[in-house]
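A short briefing follows the display.

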Amino acid sequence: MPQALFLAFRQFGDPAFRRPLILGVLGAALAVAGLIGLAAWLAGWAAAGGPEWLSWITQAGGAAAGVFLSWWLFLPAALGIAAQFTDSIAGAVERRHYPGLAPPAGASALAQAGYGVWFSVKLLGLQILLLPLFFIPFIGALLALLIAAHGLGAGLLREVALRRLNMAHSRLAWQRLRWQGWWLGLVLAVMAMVPLLNLLVPVLGIAAAVHLLMRGMPGVPRMQE
């Protein structure tokens with residue numbers, strides 16, 4: 001797993017990585033700004049009619065809550081956009097590191113795009129469900145991180161596998177590589193909690209998942225036949 005991340009980092013200058021990275025960041029930033037604004041507006045609306053100082057405090061508290069939510073939910077938003085460029089990111093990785101591969105012949109483009117959307121929505125729901133754990137000091141945040149790591153690793157690995165495998169074989173790939181995938185998800189989940197570093201997670205995760213799949217299951221090209 002460390003080698004997969006290292007190789008993905010080394011390729012970050014690849015032009016194929018730039019567009020998904022920029023669009024993912026811009027889209028997630030718009031979603032974050034909207035969430036913060038909505039939280040502040042709802043807090044202000046709830047305090048309407050009260051003293052001005054109470055309204056100010058409530059709006060400030062709402063904005064702070066919005067910042068926390070946007071930080072925690074940034075990853076699903078960015079992944080949802082970057083996932084639509086999985087083919088270009090994975091293709092760039094394969095051309096550089098696995099040039100002898102045949103063209104991908106896995107699930108249909110529609111199925112891949114649908115899985116990318118489903119994965120990001122599922123991860124978003126998971127992140128929301130895990131929010132109450134943050135009220136449990138330390139242990140709660142640790143549990144949330146471990147659970148999110150599983151969902152992130154499984155989603156990325158299966159998303160990349162669908163370029164070359166059908167749904168059933170993509171599940172098999174996750175079963176065989178679940179520990180490597182979980183460790184990848186854990187590292188990415190930790191990175192996602194660090195501002196600025198979290199911007200790299202979607203593209204880095206897709207690229208690293210390609211390396212995990214190709215190195216962990218060298219028979220993948222034959223499974224397409």
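Predicted model: local features only at pLDDT ≥ 70, side-chain atom pairs only at ≥ 80, totals over all residues.

Residues are numbered from 1 along each chain as its sequence is written, and side-chain values use heavy atoms, with hydrogens and water left out.

**Nonpolar core**

- The largest nonpolar core has 45 residues. Such a core is a set of buried Ala, Val, Leu, Ile, Met, Phe, Trp, Tyr and Cys residues joined through side-chain atoms within 4.5 Å.
- Buried means under 20% relative accessible area, exposed means over 50%, and partly exposed lies in between (1.4 Å probe, protein chains only).
- Phe17, Leu152, Leu156, Leu188 and Leu213 have the most contacts inside this core.
- Two or more core residues come from each of α1 (2-10), α3 (52-82), α4, α5, α6, α7 (167-176), α8 (178-192) and α9 (201-216). Helices (H or I, at least four residues) are DSSP runs, numbered from the N terminus.
- With 11 residues, α9 gives the largest share of this core.

**Cavities**

- Rolling a probe the size of a water molecule over the atoms shows where empty space is left.
- On a 1 Å grid over the protein atoms alone, a cavity is a set of points where a 1.4 Å probe fits but cannot get out; a pocket is an open set with protein on both sides within 12 Å along at least five of seven lines; lining residues have an atom within 4 Å of a point.
- Grid points are joined across faces, edges and corners, and a volume is the space filled by probe spheres set on the points.
- The structure has two cavities of 30 Å³ or more.
- The largest cavity has a volume of about 120 Å³. It is lined by 13 residues, with Trp72, Leu75, Gln127, Ala189 and Ala192 closest to its centre.
- Helix α3 supplies the largest share of this lining, four residues.
- The lining of the largest cavity has 11 nonpolar, two polar and no charged residues. Here Ala, Val, Leu, Ile, Met, Phe, Trp, Tyr, Cys and Pro count as nonpolar, Asp, Glu, Lys and Arg as charged, and the others, Gly among them, as polar.
- The second largest cavity holds about 40 Å³ of space, and its lining includes Pro20, Leu21, Gly24 and Val25.
- Helix α2 gives the most to the lining of the second largest cavity, with four residues.

**Pockets**

- The largest pocket has a volume of about 210 Å³. Among its 13 lining residues, Lys122, His150, Gly151, Ala154 and Gly155 lie nearest its centre.
- Helices α5 (109-130) and α6 (139-161) each give at least two residues to the lining of the largest pocket.
- That lining divides into eight nonpolar, three polar and two charged residues.
- The second largest pocket holds about 160 Å³, and α5 gives the most to its lining, with four residues.
- Ala109 and Asp87 are among the residues that line the second largest pocket. They are 22 residues apart in sequence and 9.2 Å apart in space, C-alpha to C-alpha.
- Ala109 is exposed, with a relative accessible area of 64%.

**Helix α4**

- The 12 residues of α4 should span 16 Å at 1.5 Å a residue, and its end C-alpha atoms are 16 Å apart, which agrees. The expected span is 1.5 Å times one less than the number of residues.
- The buried residues of α4 are Thr86, Ile89, Ala90, Gly91, Ala92, Val93 and Glu94.

**Aromatic pairs**

- The structure holds six aromatic pairs. Rings of Phe, Tyr and Trp (its six-membered ring) pair if their centres lie within 6.5 Å; planes under 30 degrees apart count as stacked, over 60 as edge-to-face and the rest as tilted.
- The Phe9 and Phe12 rings are a tilted pair, because their planes are at 35 degrees, with centres 6.3 Å apart.
- Phe9 is partly exposed at 39% relative accessible area, whereas Phe12 is buried at 18%.
- Trp182 and Trp183 form an edge-to-face pair, 5.1 Å centre to centre with 75 degrees between the planes.
- Trp182 is buried, with a relative accessible area of 17%, whereas Trp183 is partly exposed at 46%.
- Phe9, Phe12 and Phe17 form one aromatic cluster.
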